[in-house]
Number of protein chains: 4
Amino acid sequence: MTLVEEYLQIRKYSEQICEPLQTEDYVVQPIVDVSPPKWHLGHTTWFFETFILKPFSVNYQVYNDEYNFVFNSYYETVGNRVIRTDRGNLSRPSVNEIYQYRAYVDEAMVKFLATTLTDEVKELLILGFNHEQQHQELLLTDIKYILGNNPLFPIYSKDRKEVLAIQKSEPGFINISEGVYEIGYDGADFSFDNELNRHKVYLHDFSISKTLVSNAEFIEFINAGGYENFNFWHAEGWDWVKNNNISAPMYWHLIDGKWFNYTLAGLLPIDLTAPVSHISYYEVYAFASWKGMRLPTEFEWEIAAEHFNWGERWEWTESAYLPYPGFSKAPGAIGEYNGKFMVNQKVLRGASIATPKNHSRITYRNFFHPHLRWQYTGIRLVK
Amino acid sequence: MTLVEEYLQIRKYSEQICEPLQTEDYVVQPIVDVSPPKWHLGHTTWFFETFILKPFSVNYQVYNDEYNFVFNSYYETVGNRVIRTDRGNLSRPSVNEIYQYRAYVDEAMVKFLATTLTDEVKELLILGFNHEQQHQELLLTDIKYILGNNPLFPIYSKDRKEVLAIQKSEPGFINISEGVYEIGYDGADFSFDNELNRHKVYLHDFSISKTLVSNAEFIEFINAGGYENFNFWHAEGWDWVKNNNISAPMYWHLIDGKWFNYTLAGLLPIDLTAPVSHISYYEVYAFASWKGMRLPTEFEWEIAAEHFNWGERWEWTESAYLPYPGFSKAPGAIGEYNGKFMVNQKVLRGASIATPKNHSRITYRNFFHPHLRWQYTGIRLVK
Amino acid sequence: MTLVEEYLQIRKYSEQICEPLQTEDYVVQPIVDVSPPKWHLGHTTWFFETFILKPFSVNYQVYNDEYNFVFNSYYETVGNRVIRTDRGNLSRPSVNEIYQYRAYVDEAMVKFLATTLTDEVKELLILGFNHEQQHQELLLTDIKYILGNNPLFPIYSKDRKEVLAIQKSEPGFINISEGVYEIGYDGADFSFDNELNRHKVYLHDFSISKTLVSNAEFIEFINAGGYENFNFWHAEGWDWVKNNNISAPMYWHLIDGKWFNYTLAGLLPIDLTAPVSHISYYEVYAFASWKGMRLPTEFEWEIAAEHFNWGERWEWTESAYLPYPGFSKAPGAIGEYNGKFMVNQKVLRGASIATPKNHSRITYRNFFHPHLRWQYTGIRLVK
Amino acid sequence: MTLVEEYLQIRKYSEQICEPLQTEDYVVQPIVDVSPPKWHLGHTTWFFETFILKPFSVNYQVYNDEYNFVFNSYYETVGNRVIRTDRGNLSRPSVNEIYQYRAYVDEAMVKFLATTLTDEVKELLILGFNHEQQHQELLLTDIKYILGNNPLFPIYSKDRKEVLAIQKSEPGFINISEGVYEIGYDGADFSFDNELNRHKVYLHDFSISKTLVSNAEFIEFINAGGYENFNFWHAEGWDWVKNNNISAPMYWHLIDGKWFNYTLAGLLPIDLTAPVSHISYYEVYAFASWKGMRLPTEFEWEIAAEHFNWGERWEWTESAYLPYPGFSKAPGAIGEYNGKFMVNQKVLRGASIATPKNHSRITYRNFFHPHLRWQYTGIRLVK
């Protein structure tokens, strides 16, 4: 596949994700962590315009100067921006205008990609691909939040049962022996800067589950009073439970004594055999404590990962999101990509049913604050 | 005009106000006081369905049971409701669905209005007309807020200069003599319960301005440092100025030393001769203090009102919003219309350029919290 | 009594109120509305120093320049000040240092009062007396809050049963006839600026209770579900009830099915015949609604007041705190005394068991925000 | 030294720290992280009473049942407690009462320690010693906060210059070679559960500074615009700087162009050669970025620590506070000591000039949230 073909395929997939939406669904921002779908469509376009077309494409005419203010996410280097909590307050640019903006930038990109590209540009391009793929995952989870927190529980698509991807795996544990292991990416393909610098770590003996914790197992935790017993929780996790009246994973509803959950295919009975999802790190930690087990570190996870089924859930690890030895930020705006978030977050490993194909690898490091639940997060235990 | 004709005319006008909107503009709620336009369209429809069709129209089939939850504004009697701050988080029902809901209820209403109506129903119907007209005014001011706080400053309509209605009035003061006057509505037509019980008040000599304070006069206040001098302000007004960095009326922008304001026709230079607008009670009070004058009470205003030009601004008064002697709430949900808001608000009198025709009278009492500015508020001075 | 004698008597009484305190009780500020007792002692001293000694007493040496920052309450004219919420964060000046400050200023005042005083100074002096008396009332209610919200319920004084002052009054209503009445102070003695400008008001027929609502009657309201029925409440009152889990007056505790309340003499069983107290305007309004009655306006209250027992409770009125006709602020800091608070507050009339002797009169206007309860507030009904 | 002697010595030192205080200084809580000194004195006493006397000392009479509610810090196992933000709202128990409580418990402890003690009791006793020593450090830093944020800048003690402990160290870096190292405590003496399980880690080559960053170096960072350049900061660090208007370490004041800082000996000119202190992790990270260096991990720090001067500052590390391999919580209330805080905090290593003698060791792990500054924190760089 040529770079142009890859560009067009990725760009098209973002729009395909939005096909089932009504115009109104593109606009709202019910919580600060969720962005309006139209913002994702605009922001990913702005990324190519700002970091490739403007600096490298001669004679490129910026589509609209005001869009830098509207679609900048967090790049301080690139100027002022709409504060994050205001994204859902902007009815304009309209959805149609944003699709026109996409078409304009795509046309300019296709022309530009037909020219001779430097290695620097190629690298930025691949970064842009991966950036848009990250937003594709967010698009889907943000859409789920927007629809799933509407009292009418609208269906995104009857065909998205969310569990099709789940493969049956053998139960049991994988034993890994104590010793020095290598961690991080050193291949020739793309990776983010936070995975680089393959380096040695010392691991102790551990046994890690082949399978993810299922909904049935999590219901046992609920029924055993897991949400009412402070002993299983971090102090900050317990505060979070109390302050937010948490008593089940996100999207779960107890209706006439039976558990349902909102899925992209609508409100459905819980599938007991599917891996539990939409849980915070705090809940994952409490569940593991109740089980008398623990979570893997991201290093343990990476070493054992070849034995796992792929692409079901993002799996919380016990590791904090920190730089690898020798990590250094790139200069300029691109350097704001990862490094400045390396505090107060936990690492997640794997990939979920919302992750675009080809946008995952064993060394990939995802990260979220410990209270967040709107991603397809899951639990893998270690003993 | 028959009741059916009046019904259809009023219902149509709500939709006419929304004609210039794009779908996205119907959805957002940038501050808690502003409701999404689609919510207004749904809520006014729900009002007729809930208070007329459901109790009085035999065999009426409720359009959608969930809508009671979505479109109830504050009627505790009628059950639970979406909390006010969440109105802008709901992408569904979509704009189209709400227009279908309107059409369904309108059809049922037209059929019902062709039957013999009791006096009770006629009264509720007239209340529904007036209720929808109140929301028409809010629709326009909410739309102005949604567009006017967007960094792209989109135009609602080039023909809405907002100042066409302003009539030139003679400067000068009207002198009213001390004595007992009568206040409140006692006509045969519709009025709200808060205007009823015409009663006597004792007024002292006062002189009230024939004209509203102009933008030019307000710029003098700004230039004289009015926003920087605590002496002119209430303590709570001064806190409001400091906490919100207020230095001009809402929608005003100082660009290269020249004042512009956002209007429904876009961002335009300030019209110096037009009455100042979009100011809080706190600002109005400070302006009057700076002038060495004061605001009228609502009683002074009502007695002098026949001499005023009509329909330019809602005019802040010094009066708190309190019940008239003998005021009593109607039983049931309708009784929640006015009485329960009679604390912590100030009375405004008059009508603004956003007020629907026939929806105003000299005894009409509007009311808002003292910090609010998104209505077309104005200043009339007394000395 | 000479001015010096009066000065010394008033100053001494502030210290007498504090006699039962331990040093620690002088320091804390559990809510923003309550000030630490040591702050009251310092602030009232600062008032005499700032408004009398500094401008009028030749050669007066300011005790400590920093105290202006520490003891200014809200006078913007007099410079910066510790923000109100920080008063309880200051351990210094210590209680001893503040008593020394009082002694220093008192000595200077006694010397100064022996000189020939201008009328301006005499007026300021009388204002200072009344100012300190206002703080004496707050001292006692703030002390009650500090002790009454401590889980150990310490006793202030066994002799302060709080109900000794309550006189038995005949039940029944006083009928007042429609007509023009005169309101406000026009005597030769001291009054605050907010009571001045005696003026005419028109009152309609009303009947006002001779007695205050008792604890027994209020318990009936509680038992009838008054705190669970939104119909009796203002919308903002209902929010207040829900957000703060209010289910009884402040200081009330239901212990083994029996009502107790914290008093200055400790935690005691409720006296059923005593007037209910420590209730907000919201509760008072809800109680009146439940009874099918209403509160008096401050004008109705003033006209009927000669028939009431005196000094039991501050009585909430339906009137908002607004300027009387012709009200004008004095120039300078003294002008900040009352006028700048004339928004968002309700008027209370009467005097309570915490009011110093000689610090009350029929025209006195007290004022608080509608949610506040730590004063000895009460209910008188009108029908 | 016998256990009784050690007990008495430690208990006495807490009181010695408070000797320079006035009663009022014991009471206030200016921010949630700071506790009133009298609370520390009571809480450490409650610890011995609750975990030793009540369960193990036959016939021990609890001093006051209410104190469990007042002095419990965070032990959910032991029942309800005063919420942390309310500690400064309690004037009672008074300082004298708390000293009496200490005397009562000390007397009971001395008697009890004269009996034959089981190993379990001995362990709890040593934990109680270490617990009180931790609070001694907090006592001093909390006192500094209480006095240092008072506008009068009261002096704690003229003899506490805070820099006497600072030893001159040779500048330069220590080079450590790549390899497997051992981390954690495995001695025979006391350590906290979070240091246990000595285990292997793999370290890469690094060079760590022999000295701490000085005030002079930190002033260079300020003068170079370090607080105004987002590039050096984490995104959350930058938000913290902006939201709190941070422009220098805590306690620093720029007076007439010269830097002063509040010390326990009062407001003094900055000592340029002393190690910088009272800085958050965010500032430390930004400083290191500006220098082109980084912070050590806690493992790097521990391996190099034998070469450092001791007891100057608690040194922020890059490590998140996480469990060591094999960590497990003790059952019951004692198990709440460390484990439940292992999220969202950073590890600090070393000891500060506020740390009691004998209460530190190379494996000791302290931890705080990244924005906190009131401890004697410092910076050691790695390259």
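1. Across the interface of chain A and chain D, 14 residue pairs are in polar contact, both residues at pLDDT 80 or more. A polar contact here is a pair of N or O atoms within 3.5 Å; within protein, one must be able to donate a hydrogen and the other to accept it, and residues adjacent in sequence count only if both atoms are side-chain atoms.

2. The model is predicted: local features need pLDDT of at least 70, side-chain atom pairs count only at pLDDT 80 or more, and totals for chains, interfaces and linings use all residues. Residues are numbered from 1 along each chain as its sequence is written, chains are lettered from A and ligands numbered from 1 in the order in which they are written, and side-chain values use heavy atoms, with hydrogens and water left out.

3. Chain A and chain D each put 37 residues into their contact (heavy atoms within 4.5 Å). About 2,700 Å² is buried between these chains, with carbon and sulfur atoms giving 55%; buried area is the accessible area (1.4 Å probe) that two parts lose on being put together, summed over both. Of the area that chain A buries against chain D, 19% comes from A:Tyr202, A:Val343 and A:Asn344, more than from any other three residues.

4. On the side of chain A that touches chain D, the elements giving two or more residues are strand S3 (199-203), helix H7 (235-244), helix H8 (281-291) and strand S8 (314-320) of chain A. S3(A) has the largest share, four residues. Helices (H or I, at least four residues) and strands (E, at least two) are DSSP runs, numbered from the N terminus.

5. For chain C and chain B, 37 residues of chain C contact 37 residues of chain B. The area buried there is about 2,700 Å², and carbon and sulfur atoms give 56% of it. The rule finds 14 residue pairs in polar contact and zero salt bridges. S3(C) gives the most to the side of chain C that touches chain B, with four residues.

6. Helix H2 (residues 37-56) of chain C has 20 residues and reaches 28 Å from first C-alpha to last, close to the 28 Å expected (1.5 Å times one less than its number of residues). H2(C) bends by about 35° at C:Glu49, the angle being taken between axes fitted to the seven residues ending there and the seven starting there. Of the 20 residues of H2(C), 17 are buried (under 20% relative accessible area, 1.4 Å probe, protein chains only).

Conventions: Buried means under 20% relative accessible area, exposed over 50%, partly exposed in between (1.4 Å probe, protein chains only). A salt bridge is a side-chain nitrogen of Lys or Arg within 4 Å of a carboxyl oxygen of Asp or Glu.
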